[in-house]
Amino acid sequence: MATFFGEIVFPSSRTFEDDEEDEIETADSSEVIAFVHPRTFVPIDTSNGGGSGRVSYGFQHLVVVSGQAPEVFATCYFIHQVRDIIASIRIEKEGVNRVVGLLIRPKAHPDVLVCHLLAPEPLENHLHFTLVQQLFNFLGDSNVTVTILASCSGSEYKTERSGVTFPLLRCLTSSSFRGTPACSFLESPNTVSDVGAAVLSHCQIHHIPAVMYVGYTDYIFFDSRAVNVFNPLLTVQPFLRIAKKCLNFEEHMKRAGSQPTRLDSLYT
């Protein structure tokens with residue numbers, strides 16, 4: 001079934017025996033997402049003496065980067081800049097600890113927080129809710145606008161129009177978003193899933209202004225065009241303000257182009 005903006009929720013299957021389900025639930029419940037801070041950052045007290053315990057880091061914009069093409073785009077335009085690593089996002093399970101993301105604050109733009117998801121494979125569905133809850137709990141009372149960068153296979157794009165060529169860029173917004181998106185809206189009946197949809201759903205429910213940009217591509221090998229499809233974002237905030245093309249841009253593109261795409265395509 002689907003929730004807001006196509007966030008996919010997988011109901012448990014009844015084909016398992018009860019004891020097997022108990023084992024699966026126990027295994028899932030042992031997975032813990034932790035935000036590990038390498039250093040101390042002093043938050044801003046927003047309780048006004050009321051003792052609410054709510055704090056803020058003063059962020060005005062949250063950028064969530066998820067997917068191969070968004071990762072390369074972000075690396076080439078703003079993640080490469082001098083920055084603070086505020087926290088690493090780790091999954092702990094049965095004593096095994098793996099880093100799946102970083103919270104990054106560019107030194108030149110301390111009001112921007114980048115959530116850079118590093119996992120080479122999409123994060124497991126049952127972890128989406130926990131990650132999003134912890135992310136926004138971390139933000140506290142920061143009054144943020146959220147931008148999400150994601151990618152999908154062109155085989156997932158549904159349209160009645162003929163002659164559609166890839167890559168193409170589409171967007172979804174929460175009802176609280178008041179800006180002008182950098183591209184056309186995603187047409188019905190298309191839906192999106194993965195952690196980006198979970199972030200957008202949270203923003204819709206909690207009245208947070210948010211826009212999600214989805215790049216659709218359909219190449220067996222990663223192509224620089226899958227990155228360039230996000231270039232319209234350079235004309236809107238916060239990228240208009242924070243983006244700075246890295247000096248070794250072509251090297252990044254060449255290295256990325258030698259890698260197979262992580263998306264399923266019509267040909268795989």
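Q: Is Arg105 buried or exposed?
A: This is a predicted model, in which local features need pLDDT of at least 70, side-chain atom pairs count only at pLDDT 80 or more, and totals for chains, interfaces and linings use all residues. Residues are numbered from 1 along each chain as its sequence is written, and side-chain values use heavy atoms, without hydrogens and water. Buried means under 20% relative accessible area, exposed over 50% and partly exposed in between (1.4 Å probe, protein chains only). With a relative accessible area of 16%, Arg105 is buried.

Q: Which residue meets the side chain of Arg105 in a salt bridge?
A: A salt bridge is a side-chain nitrogen of Lys or Arg within 4 Å of a carboxyl oxygen of Asp or Glu. The N to O distance for Arg105 is 3.7 Å, and the partner is Asp84.

Q: How many residues apart in sequence are the parts that Arg105 and Asp84 tie together?
A: Strands here are DSSP runs (E, at least two residues), numbered from the N terminus. Arg105 lies in strand β6 (residues 96–106) and Asp84 in strand β5 (residues 83–93), so the parts tied together are apart in sequence by 21 residues.

Q: Is Arg170 buried or exposed?
A: The side chain of Arg170 forms a salt bridge with Glu187 (3.1 Å, N to O). Glu187 is partly exposed at 25% relative accessible area. Arg170, at 12%, is buried.

Q: How many salt bridges does the structure hold?
A: One of them joins Arg98 and Glu124 at 2.9 Å, N to O. The structure's total is 6.

Terms used. Helix = DSSP H or I, 4+ residues; strand = E, 2+ residues; numbered from the N terminus.
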